[in-house]
Amino acid sequence: MNHLIKHFALEMQKISSPKTPESTDTYTVIPHAQLVDTIKNKASERLDGIPFLSTTLTKDGGQMSGTLSFPVKNNHTGIAVAFANSYNKRVKVLIAGGGYTWICGNGSIFGDITTARKHTGSAMDVICENIDIVLDKVEEDYNGFIEKIKLMDEVSINNLVASRILGELRYNKSILSEREAAAANREWIRPTHFQERSLWGLYNACNGSLRSHHPTSSIHTHRRLYDHFSDTTDNMLKL
């Protein structure tokens, strides 16, 4: 428990270190730490346990993405709230519901993605509303995620099928970069966490390859990846 509190403090210190630019009449800057603290306070009113905070910053600290994950009774997954923010107008505040795999630290985005469309004086009020919208559905979305995990695990695949799916993700869908697809393939061939020769095992190999994905598009890419595997699972179960 103490290590989670310490880790949370270190992550907050990291995202507080970049200089926050001044707001203007047309653009309200939301400090990274303020956004995370607001999500934590609202989520803690509904979800039990001490959350695990994971964040990624660009080199200049101007863009951030991350997840705030809460443990649940399931033995290897948890509920997560994903978020993104920027100081340079490239990314408006994004909030989305998701899940977390405790074994390997992979995050999954499967809930609706909400956006603060206007960064003006009332931006924080809109962000709070969006957090509530995500939290209203996150447990229902999470239960659907658990059911989808079971279905993914039922679909056994070999290396040939895995290669075909990785090719689709790289070349047809442009979800994975060349580097990410290669990393996912290595993890599939020699797994460090998920030994399952199933869609669930391949999904986690792909998910892990996105850890260094750019904060600007991280949430949307994770959602596209989940949707692709969800659709692939449904289609393969019909065969």
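## Ground rules

Residues are numbered from 1 along each chain as its sequence is written, and side-chain values use heavy atoms, with hydrogens and water left out. Because the model is predicted, local features need pLDDT of at least 70 and side-chain atom pairs count only at pLDDT 80 or more, while totals for chains, interfaces and linings use all residues.

Helices (H or I, at least four residues) and strands (E, at least two) are DSSP runs, numbered from the N terminus.

## Helix 7

Helix 7 covers residues 218-238. The expected span of a helix is 1.5 Å times one less than its number of residues.

Which residues of helix 7 are buried? Buried means under 20% relative accessible area, exposed over 50%, and partly exposed in between (1.4 Å probe, protein chains only). The buried residues are Ser 218, Ile 219, Thr 221, His 222, Leu 225, Tyr 226, His 228, Phe 229, Ser 230, Thr 232 and Thr 233.

Two packed helices are described by the angle between their axes and the distance between the axes. Axes are lines fitted to C-alpha atoms, for helices over the stretch in contact, and angles run from 0 to 180 degrees between N-to-C directions. Angles under 35 degrees count as roughly parallel, over 145 as roughly antiparallel, 65 to 115 as roughly perpendicular and the rest as oblique. A crossing is left-handed if the near helix is turned anticlockwise from the far one by less than a right angle, and right-handed if clockwise.

Helix 6 spans residues 199-209. Its axis comes within 11 Å of the axis of helix 7, and the two cross at roughly 165°. The pair is therefore roughly antiparallel. The crossing is right-handed. Helix 6 brings Leu 199, Leu 202, Tyr 203, Cys 206 and Asn 207 to the contact (heavy atoms within 4.5 Å). Helix 7 brings His 222, Leu 225, Tyr 226, Phe 229, Thr 232, Thr 233 and Met 236. By class, eight of these residues are nonpolar, four are polar and none is charged. Here Ala, Val, Leu, Ile, Met, Phe, Trp, Tyr, Cys and Pro count as nonpolar, Asp, Glu, Lys and Arg as charged, and the others, Gly among them, as polar.

## Helix 3 against helix 7

Helix 3 runs over residues 123-154. The axes of helix 3 and helix 7 come within 10 Å and cross at roughly 55°. These helices are therefore oblique to each other. Their crossing is left-handed.

From helix 3, the contact uses Phe 145, Lys 148, Leu 151, Met 152 and Glu 154. From helix 7, it uses Tyr 226, Phe 229, Ser 230, Thr 233, Asp 234 and Leu 237. The classes are six nonpolar, two polar and three charged residues.

## Helix 5 against helix 6

Helix 5 and helix 6 pack at about 135°, with axes 8 Å apart. They are therefore oblique, and the crossing is right-handed. Glu 180, Ala 183, Ala 184, Glu 187 and Trp 188 of helix 5 meet Gly 201, Leu 202, Ala 205, Cys 206 and Ser 209 of helix 6. Six of these residues are nonpolar, two polar and two charged.

Take Glu 187, in helix 5. Glu 187 is partly exposed, at 22% relative accessible area. Beyond its neighbours within four places in sequence, Glu 187 is in contact with Thr 192, His 193 and Ala 205.

## Residues in loops

Is Ser 198 buried or exposed? Ser 198 sits in the loop between helix 5 and helix 6, and a relative accessible area of 2% makes it buried. Ser 198 and Glu 154 are 44 residues apart in sequence, yet their C-alpha atoms are 7.0 Å apart. Leaving aside neighbours within four places, Ser 198 is in contact with Met 152, Asp 153, Val 155, Ser 156, Ile 157 and Trp 188.

Pro 18 is in the loop between helix 1 (2-16) and helix 2 (32-44). At 12% relative accessibility, Pro 18 is buried too. Outside four places in sequence, Pro 18 is in contact with Leu 57, Asp 60, Gly 61 and Tyr 87.
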